[in-house]
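Please look at the model before reading on.

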Amino acid sequence: MDFGNELRQMRKSKGLTIGQLSAYTGLNSGFISQVETGKRNTPKIETLDRIAKGLRISHEEILKMAGIFDTIPNELPISSTPSTVSIPIYGRISAGYPEGAKEDIEGNIKIDDELIERYGKNNLIGLRVNGESMNKVVPNGAVAILAKVDLCEITNGDICGVIIDGESATLKHVYRYPDRIRFEPDSWLSNFKPFEYSKEDIDNGEPPIQIIGKLIHQQSSF
């Protein structure tokens, strides 16, 4: 597999120039150009992850592009039998974690054994996506599987379920900086815009912001 060609096609499909990808990844534009033209070998895993963040694709997808996905062992064993463990799907989450909010449960969804083993059933939340602000990554109507995490565990660019000022949860890319936090949509529709709040406002609870979980998986149906 020609990773350079795969990378060039993916970059162009995202509407990015080499310079823009360089800015998003912190990698030298000349380095990216040499990778795309095959003058450099496939980058190491750490660099591939930076490229994935810049392209806003998953770790697994960048490894597939590089043709090395199948050579990396699973971190956790996967059961050969279908999982019987399920978690509730919430149509709406607001004002805190959803424990006890049974009126907002619209069904249940089976969860892969790997996710249960990695995160624990009680740390997983199913949320029905309602809207188009992240439709490049998560389509409207899909079920987003979120793992509860602390803010300090979030890496810039992660997609998280966020509650702002008590409103229902929304999915956004989250970027944390010393003086602010930024939330970015990822939509084919241009009417969705990024927004951010200063650290001072957040510390004062103006508005109150709650990260309910990081997107780790999505499923199209129950």
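Axes are lines fitted to C-alpha atoms, for helices over the stretch in contact, and angles run from 0 to 180 degrees between N-to-C directions. Helices are DSSP runs (H or I, at least four residues), numbered from the N terminus. The model is predicted, so that local features need pLDDT of at least 70 and side-chain atom pairs count only at pLDDT 80 or more, while totals for chains, interfaces and linings use all residues. Residues are numbered from 1 along each chain as its sequence is written, and side-chain values use heavy atoms, with hydrogens and water left out.

The axes of helix 2 (residues 18-25) and helix 3 (residues 29-36) come within 9 Å, crossing at roughly 115°. In this contact (heavy atoms within 4.5 Å), helix 2 contributes Ile18, Leu21, Ser22 and Thr25, and helix 3 contributes Ser29, Ile32, Ser33 and Glu36.

Within helix 2, Leu21, Ser22 and Thr25 are buried (under 20% relative accessible area, with exposed meaning over 50%, partly exposed in between, 1.4 Å probe, protein chains only). Seen down the axis of helix 2, these buried residues fall within an arc of 105° (taken from the directions from the axis to the C-beta atoms), so they line one face of the helix. On the other side, Ala23 and Tyr24 are exposed.

Confidence is given by pLDDT, which runs from 0 to 100 for each residue; the chain mean is 80.

| Stretch | pLDDT |
|---|---|
| residues 70-82 | under 50 |
| residues 95-102 | below 50 |

Where pLDDT is low, the predicted coordinates should not be read in detail.

How values were computed. Helices (H or I, at least four residues) and strands (E, at least two) are DSSP runs, numbered from the N terminus. pLDDT is the predictor's confidence in each residue, from 0 to 100.
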